[in-house]
Amino acid sequence: MGTLESLPLFLPELALSAALLVVIFVDLARSRSGGGEWPGTVAFVGSAAALVLTLRMPGVVGPDGLLAGVPQTWLFGRMIVLDAFSVFFKLLLGLSLVAAVWMSLRSKDVRGRPNEGEYFTVLLGSGIGMFLMASAGNLLMAYLALEFVSLTSYVLTGFLKHNRRSGEAALKYLIYGGVASGAMIYGMSWLFGLTGSMDYAGIAAGVATLSEASRGAFFVAMLLVLAGFGYKIAAVPFHMWAPDVYTGAPLPVTAFLAIGSKAAGFAMLLRFLHFGVTATGPSPIVASVPLVQLLSVLSALTMTLGNLAAMSQTNMKRLLAYSSISHAGYALLGVVVFRDAGVAAVLLYLATYYLMNLGAFVIVMLVTNESGREDMDAYRGLAWRGGAWPAVMLAIFLFSLAGLPPLAGFIGKFYIFAAGIEGGMYTLVLIAVLNSVVSLYYYARIVKMMFLDQPLASDPVLRFGVGDLGVVSVLSFATVFLVVQFGWLLRTVEGAGRVFGG
């Protein structure tokens, strides 16, 4: 489709763009009149409108189920692809953006700051970039979207301008991101030279006809491109930025990076590998390079390092950062399978990961707001200091992250492991199972502190708002209920995983 024809199918991104502009003008008016919560309110309404417009796109909600009738088409001269796969990630990213804006409205790291309007402007801009990452059907668009998300993420990470830890995190993020982006675009230039196309469909056709003499160049190109994707999903050895950035950034930004940015990174990685390089099947050139072995090693190292490093953490944000790294390793297991079942398993895993990780971050934000502390000692005797319900909900989220039944995390890991077994990745699945057992230790340690450790006299009593606990209650209920009613989600991700966008 041309530009004008594509606009009606580009409404969610247009809504975010309009909200971004309104936030800028509202912030200018606010700075003159003083006070007000309008920038955050406008950002919340805009992100919610983008989510509603995504749901109202053709074929998203129909009699045959969610995403069953989404048409497959190209927008803006084959730069953007619209299919069930991209719409699935737009829904997930839209939910992540709404949650990030909502958390920002209640976070003491954000509220009342003089540059609050700028914060919401950049946050909406990052959301637009992630939407484009999910639907990019061209190497150039993929790189521009990823770079735009990276630049806005650097700014969000360093939002606390007078906080040394925040500034240091932003600088490290910028350095690591610049190196990874440079390697990625260099690899893309090699891939374009080998295949003669930037379009994923053209790349798939070009890879299928590459000669044996091009094997070395193709493998080098793939290594460089995967460096950029690995950085975005925080996979080993491109993970080094994540713990410092997650610790130094404001809590809503940490949650947004852990959930939204990771989902957008996997959307790009899956479309590039499954719908681009290997869309026409395992060609001789792909089979001749150790691509599967490389990704398998990355998956094993990522989940193992993330879990082992998390065991020694005493800061909750840093612990959840290493936990996020380990979950990227689990999701990579589904990528390695190179089958439709693997793609569907990754989508299912990311959906369950959204619920349990977001819920954990919201509880951490509430505790930080009340106590002013991020260390694990702030959770000592939480069941007695802050009421049993917040502690119970955090325990649900943590045990779900560990993959214990009957919680949503168990369903996500079950289908990831099942896809690995179907693909013959028995050793990798065994490593993943052992890592899940290891992760139970540090998750259970937090639960033990909340329920079994007695609070000290110096530990303050924590009081949480009814509205905040209501939102977390919905997430905890969904984490439990999804195990009972996961059939519709499974059908949705299977349909999204079969649409190749070619």
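Analyst: A definition to start with: a cavity is a set of grid points where a 1.4 Å probe fits but cannot get out, and its volume is the space filled by probe spheres set on those points. With that, the second largest cavity holds about 40 Å³ of space. Keep in mind that this is a predicted model.

User: How many cavities of 30 Å³ or more are there?

Analyst: The count is two. The largest cavity has about 70 Å³ of space.

User: What lines the second largest cavity?

Analyst: Ser96, Ala99, Ala100, Met103, Ala255, Phe256, Ile259 and Leu358. By class the lining has seven nonpolar residues, one polar and no charged.

User: And which residues line the largest cavity?

Analyst: Its lining is made of Leu226, Phe229, Gly230, Ile233, Ala235, Leu269, Leu295, Leu298 and Leu332. Eight of the lining residues are nonpolar, one is polar and none is charged.

User: OK, open space now. How much volume is in the largest pocket?

Analyst: About 520 Å³. The pocket has 22 lining residues, and those nearest its centre are Leu95, Ala351, Tyr354, Leu355 and Trp488.

User: Which helices each supply at least two residues of the pocket lining?

Analyst: Helix H3 (38-55), H4, helix H15 (340-371), helix H20 (466-484) and helix H21 (487-498). H20 gives the most to the pocket lining, with seven residues.

User: What classes of residue are in the pocket lining?

Analyst: It has 19 nonpolar and three polar residues, and no charged ones.

User: Contacts next. How many salt bridges do you count?

Analyst: There are 12 salt bridges. In one of them the side chains of Asp83 and Arg271 meet, at 3.1 Å from N to O. That pair links distant parts of the chain, 188 residues apart: Asp83 is in the loop between strand E4 (80-82) and H4, and Arg271 is in helix H11.

User: And how many aromatic pairs?

Analyst: The count is 18. Tyr200 and Phe272 form one that is edge-to-face, 6.1 Å centre to centre and with 70 degrees between the planes. This pair also links distant parts of the chain, with Tyr200 in helix H8 (residues 200-208) and Phe272 in helix H11, 72 residues apart.

User: Why does 70 degrees between the planes make that pair edge-to-face?

Analyst: Because the cut-off for edge-to-face is over 60 degrees, and the planes of Tyr200 and Phe272 are 70 degrees apart.

User: Last topic, the backbone. Where is the peptide bond with omega near 5 degrees?

Analyst: That bond runs from Val236 to Pro237, and it is cis. Pro237 lies in the loop between H9 and helix H10 (241-248). The peptide bond from Pro405 to Pro406 is cis too, with omega near 0 degrees. Pro406 is in the loop between helix H17 (388-402) and helix H18 (408-422).

User: What is phi of Arg78?

Analyst: Near 65 degrees, which is a positive value in a residue other than glycine. Arg78 sits in the loop between strand E3 (73-75) and E4.

Note on methods: Residues numbered from 1 in each chain as written. Predicted model: local features only at pLDDT ≥ 70, side-chain atom pairs only at ≥ 80, totals over all residues. Heavy atoms only, no water. 1 Å grid on protein atoms, 1.4 Å probe; cavity = no way out; pocket = protein on both sides within 12 Å on 5 of 7 lines; lining within 4 Å. Nonpolar A, V, L, I, M, F, W, Y, C, P; charged D, E, K, R; others polar. Helix = DSSP H or I, 4+ residues; strand = E, 2+ residues; numbered from the N terminus. Phe/Tyr/Trp six-rings, centres within 6.5 Å; stacked < 30°, edge-to-face > 60°. Salt bridge = Lys/Arg side-chain N within 4 Å of Asp/Glu carboxyl O.
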